[in-house]
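Hi everyone, thanks for coming. I'd like to walk you through one chain today, so please have a look at it with me.

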Amino acid sequence: MKHRPDDNDKHIGMRIRTQRQYMGLSMAKLGKLVGVSPQQVAKIEHGQNRASGSRLMKLAEALQCDVASFVAGASTNGGLYDDPGIRFLATKEGAMVVKAFELMDPTMRRAIADLAVAASYQDK
C-alpha cells in the first residue's frame with residue numbers, strides 16, 4: 001500500500017525549495033543534478049510526492065547542505081510546523097534578502113533589520 005504525503009512532506013519540500021532558490025538553481029537544473037524531471041522536483045517541493053532517503057541524500061549533495069536541514073523544524077506528531085519565516089525564505093524574495101544580508105557588514109544588517117521592524121509597525 002502506498003503512503004500518501006503528509007504535512008511533514010510539505011515541510012521538507014518547502015525546505016528543499018528554500019535551499020534551491022538560495023543556491024539560484026532552477027527546478028530543471030536541480031532535477032538534472034539528482035536524476036529526476038523538473039516536474040518531479042516540483043512535486044517534491046510542494047509535498048505532493050515523498051522523497052526517499054537516497055533521493056534526499058542526492059538533493060542535499062546537489063544543494064550543498066546537510067540532509068538534516070530538510071527536516072529541521074518538522075513536527076513529530078505529523079502536523080505542519082507552520083513558521084512564517086520559513087515560508088518567507090521559500091520565496092524568491094526571501095532568498096534574495098538572505099543573499100544580500102550575507103554580503104553586508106553587521107552594522108548595516110542591524111540598521112536594515114531595525115528599519116524593517118519599524119516599517120512593519122507603520123500600519124498598526
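Let's begin inside: which residues have the most contacts inside the largest nonpolar core? Before I answer, a word on what we are looking at. This is a predicted model, where local features need pLDDT of at least 70 and side-chain atom pairs count only at pLDDT 80 or more, while totals for chains, interfaces and linings use all residues. Residues are numbered from 1 along each chain as its sequence is written, and side-chain values use heavy atoms, with hydrogens and water left out.

Now the answer. The residues with the most contacts inside the core are Ile16, Leu30, Val34, Leu56, Leu59, Leu63 and Phe70, and the core has 14 residues. By a nonpolar core I mean a set of buried Ala, Val, Leu, Ile, Met, Phe, Trp, Tyr and Cys residues joined through side-chain atoms within 4.5 Å. At least two residues of this core come from each of α1 (7–23), α2 (27–34), α3 and α4. The largest share, 4 residues, is supplied by α4. In soluble globular proteins, nonpolar side chains tend to be buried together.

Take Leu59 as an example. Leaving out residues up to four places away in sequence, Leu59 touches Ile16, Leu30, Val34 and Phe70. Touching, or contact, means heavy atoms within 4.5 Å.

Let's step back to the chain. It has 8 helices and 0 strands; helices are DSSP runs of H or I with at least four residues, strands are E runs of at least two, and both are numbered from the N terminus. Of the 124 residues, 27% are buried. Here, buried means under 20% relative accessible area, exposed over 50%, and partly exposed in between, with a 1.4 Å probe and protein chains only.

Next, is Glu45 buried or exposed? Glu45 counts as buried because its relative accessibility is 4%. You'll find Glu45 in helix α3 (residues 38–45). Its side chain makes a polar contact with the side chain of Arg20, at 2.5 Å. A polar contact is a pair of N or O atoms within 3.5 Å; within protein, one must be able to donate a hydrogen and the other to accept it, and residues adjacent in sequence count only if both atoms are side-chain atoms.

Last stop: Gln64, in the loop between α4 (53–62) and α5 (68–71). Gln64 counts as exposed, because its relative accessibility is 63%. Its phi is near 55°, a positive value in a residue other than glycine.
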